Amino acid sequence: MYKRNVKIDLIKSFAVSLVIIYHIFPNLLPIGFIGVEFFLIVTGYLTAQTLERSNAKEFIIKRFWRIYPSLCTIILLTMTIVIFEGYSDEIYVNLKSAVIGSVLLSNFYYLFTSTDYFFVNDAEMFIHFWSIALEWQIWLFFAILTLLFKNKKLFFLFFLFFLLVNIFLLFQKSIFDEYFNPLRILFLPLLGYIIFSYNYKFNTTKRIYSLIYIILFFLLIYVVNSNFDLVGYYILLMLPLIVLVIDNKNSNKNITFLDKIFIFLSNRTYGLYLSHYPAWKYFSVYYNLSYGWVLALIVSFIYAELSYRYLEQ
């Protein structure tokens with residue numbers, strides 16, 4: 001049985017803060033979208049931890065009921081507002097996105113419609129659902145692998161092969177080409193999964209080697225992409241991986257007040273992520289309120305609290 005690792009709560013809290021700031025103040029934090037990548041690393045790590053102590057079928061069922069009620073609730077609330085207050089084109093755009101989002105395929109929808117994540121239609125309320133869909137697909141992928149490969153050595157070999165294929169494909173294009181393509185960043189949850197599965201038993205020397213491998217890995221990706229603008233992106237991307245390698249054992253220390261803040265935010269990251277974007281769009285874009293971001297944050301925290309207490313348990 002694993003005790004709570006507050007470092008995971010720290011990464012999740014930091015990640016959701018980055019994404020929210022990026023969506024509300026893109027010029028203030030232009031690289032804030034990297035918070036989604038942080039979430040995906042943690043997803044791989046926690047999936048490995050969960051599958052070690054439960055079967056794949058039970059894992060998928062629990063994950064589904066953890067995310068789906070809140071997802072449907074935010075869709076219904078948002079579409080009700082859009083239908084009563086929006087124009088016909090806004091209703092049409094969001095209705096399509098809502099339907100696709102409800103079946104957890106938003107990332108493929110935006111990929112095949114050539115949607116630009118960085119220049120999205122102002123009417124669009126659900127574009128952030130792409131990462132929810134991707135996370136669900138990652139859970140399915142890991143669960144299926146677990147069912148297919150009972151032998152851990154075969155599982156690891158296939159896992160390593162898939163990681164290498166993913167990295168090879170990554171080298172063919174810039175990191176931001178086809179932003180919604182799952183193959184663009186699937187290597188991140190794969191790395192998170194590997195860190196938990198094979199690194200938690202390592203001694204200090206092997207952990208140092210792991211850190212060197214991580215640094216060399218991202219240096220290689222950077223050199224292949226040859227894009228100086230991505231230096232900060234790769235440096236930031238290494239941080240959660242390094243934290244997990246250095247402190248991947250569940251801490252036995254006493255929980256501090258700061259830890260409690262991270263735990264509080266971490267427990268509500270899903271509700272915050274789901275609600276902040278449509279709330280911000282409604283107050284700041286639809287009504288162009290100068291203080292709209294304040295109202296959006298208030299609404300998001302209220303929704304996140306209710307979602308955590310009543311929809312995600």
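Tutor: Trp293 counts as partly exposed, at 33% relative accessibility (buried means under 20% relative accessible area, exposed over 50%, partly exposed in between, with a 1.4 Å probe and protein chains only). This is a predicted model, in which local features need pLDDT of at least 70, side-chain atom pairs count only at pLDDT 80 or more, and totals for chains, interfaces and linings use all residues. Residues are numbered from 1 along each chain as its sequence is written, and side-chain values use heavy atoms, with hydrogens and water left out.

Student: Where does Trp293 lie?

Tutor: Trp293 lies in helix α13 (helices are DSSP runs of H or I, at least four residues, numbered from the N terminus).

Student: Changing topic, how many aromatic pairs are there?

Tutor: The count is 19 aromatic pairs. Rings of Phe, Tyr and Trp (its six-membered ring) pair if their centres lie within 6.5 Å; planes under 30 degrees apart count as stacked, over 60 as edge-to-face and the rest as tilted.

Student: Why is the pair Phe126 and Phe129 tilted?

Tutor: Because the planes of Phe126 and Phe129 stand at 45°, with the ring centres 5.1 Å apart. Phe126 is buried at 0% relative accessibility, and Phe129 is buried at 1%.

Student: What about Trp136 and Trp139?

Tutor: Trp136 and Trp139 form an edge-to-face pair, 6.4 Å centre to centre with 90° between the planes. Both lie in helix α6 (residues 129-148), 3 residues apart, and both are buried.

Student: Which residues does the cluster of ring pairs link?

Tutor: Ring pairs link Phe59, Phe64, Trp65, Tyr68, Trp136 and Trp139 into a cluster.

How values were computed. Helices (H or I, at least four residues) and strands (E, at least two) are DSSP runs, numbered from the N terminus.
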